[in-house]
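Me: Hey, I've just opened this one up. Can you walk me through it?

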Amino acid sequence: MPVDSRPLVAHVVYRFDTGGLENGIVNLINHMPGSAYRHAVVALTDVTEFRQRVTRTDVEFISLHKPPGHGFRLYPKLYRLFKQMRPAIVHTRNLAALEAQMPAWAAGVPVRLHGEHGRDVTDLHGENRTLQRVRRVYRPFVHHYFALSRDLAGYLKDKVHVPAGRITQVYNGVDVDRFSPPPCGVRASIAGCPFNDPGHWLIGTVGRMQAVKDQTNLVQAFVLALQQQPALRERLRLVLIGDGALREQCAALLRDAGLLDLAWLPGERSDVAEVMRGLDCFVLPSLAEGISNTILEAMATGLPVIATDVGGNADLVVHGQTGEIVPSKQPKALARSIVGLALQPEQTRALGLAGRQRVQARFSLPAMVATYQLVYNQQLRSPGDNSPSAAKGRADSP
């Protein structure tokens, strides 16, 4: 059997499951030319059925079943794995996978990259000094960083003290063919949704129903919007796509307000593109974000977007032109935006069209893939010195 000469990229994540970070990996693998690199996905914990979204058949998926806590005990296993796989590049994502950098260095992996994709609910503003110090500890083992927003690039530079020359800011890309407006601009029906009457006006969100996504903020805003404009009860409807700890909490809030019959919480869906085409407005009420794939998908679908002013959301949504940016954790402000757009459907459609045009111009998948491939190529051409003295030098650099 001939030897495959393509360099191998090992993408290391904490868990390979439904999420924006993982969706970005799927898009990168599926759309990077097959002749350029081989790929493997290494999950420190588990690889789920989400792997089926990878369309390439030459991708290996590895689950290491790591228990909670720091992964010191996992180091020997990672070391042996990297020695066996012999990846040209190890590309870790977010703090939970950063610890794989040390065994990758010990195993002699030529290029070690790390991506910061977003903040955790325990450190919404990046001010946790312990987490800053942890990132500094691993900094010597990382050759180059990816930051998915200006906010995260600034964090790496100012808080982790990574030199600007070792940071590439790259936006997520979106498949504008898969995520596209419904034909003739008429909202499509969503399979199983009880609100397919053309007279309904659907606001919705898609994502893991966890604290950092703060869907309860959207539910509270929905309740307030109907209190402010009771006439909207005839047509305003809420769609919450996703599963997780907040799903029942959101249902309880709606039930207590007597509005559960005006909302639909079907759980996780695999037909997100079709769901988007069935909405009139997309809302992202998060407490923290990097660059949101779902915002880009909604904009590509021609939806106006209301998003909280966190992370890279304002990098994507131009307030007053493609949607609205509102403060996080303020359901009254979110309710005002919902009411304002619901009462002006023509303006809403114009915002959505502008969003589609913005995505096509600035946030395409080819642009994202080209940036990653360029950095991969550059780093392989000029790999860093893997010696302990070089690692110490990088640690001592400003």
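Predicted model: local features only at pLDDT ≥ 70, side-chain atom pairs only at ≥ 80, totals over all residues.

Me: OK, which strands does helix H12 lie across?

Reply: H12 (residues 331-342) lies across strand S8 (201-206), S9, strand S11 (281-284), strand S12 (305-308) and S13. Its direction is about 165 degrees to S13. Axes here are lines fitted to C-alpha atoms, for helices over the stretch in contact, and angles run from 0 to 180 degrees between N-to-C directions. Helices (H or I, at least four residues) and strands (E, at least two) are DSSP runs, numbered from the N terminus.

Me: What's the strand order in the open sheet of six?

Reply: The order is S10-S9-S8-S11-S12-S13, with parallel pairing. Two strands pair if DSSP finds at least two bridges between them. Strand S10 (263-267) and strand S13 (323-326) are the edges, each pairing on one side only. From one strand to the next, the twist averages 20 degrees.

Me: Switching topic: is strand S5 mostly covered or mostly open?

Reply: Mostly covered: six of the six residues in S5 (residues 111-116) are buried, meaning under 20% relative accessible area, while exposed is over 50% and partly exposed is in between (1.4 Å probe, protein chains only). Val111, Leu113 and Gly115 point one way, and Arg112, His114 and Glu116 point the other.

Me: Why do they alternate?

Reply: In a regular strand the side chains alternate between the two faces of the sheet.

Me: And which strands run parallel to S5?

Reply: Strand S4 (residues 89-93) does, joined by five bridges, and strand S6 (residues 144-147) does too, over four bridges. Threonine 92 stands opposite histidine 114, and leucine 113 has histidine 144 as its bridge partner in S6.

Me: Which residues of helix H5 are buried?

Reply: In H5, Leu131, Gln132, Arg135 and Tyr138 are buried. They sit on the same side of H5 because they cover an arc of only 125 degrees around the axis, the arc being that of the directions from the helix axis to the C-beta atoms. Arg129 and Val137, on the other side of H5, are exposed.

Me: What do the buried ones pack against?

Reply: Their partners include helix H2 (75-85), S5, S6 and helix H6 (150-158).

Note on methods
Residues numbered from 1 in each chain as written. Heavy atoms only, no water. Contact = heavy atoms within 4.5 Å.
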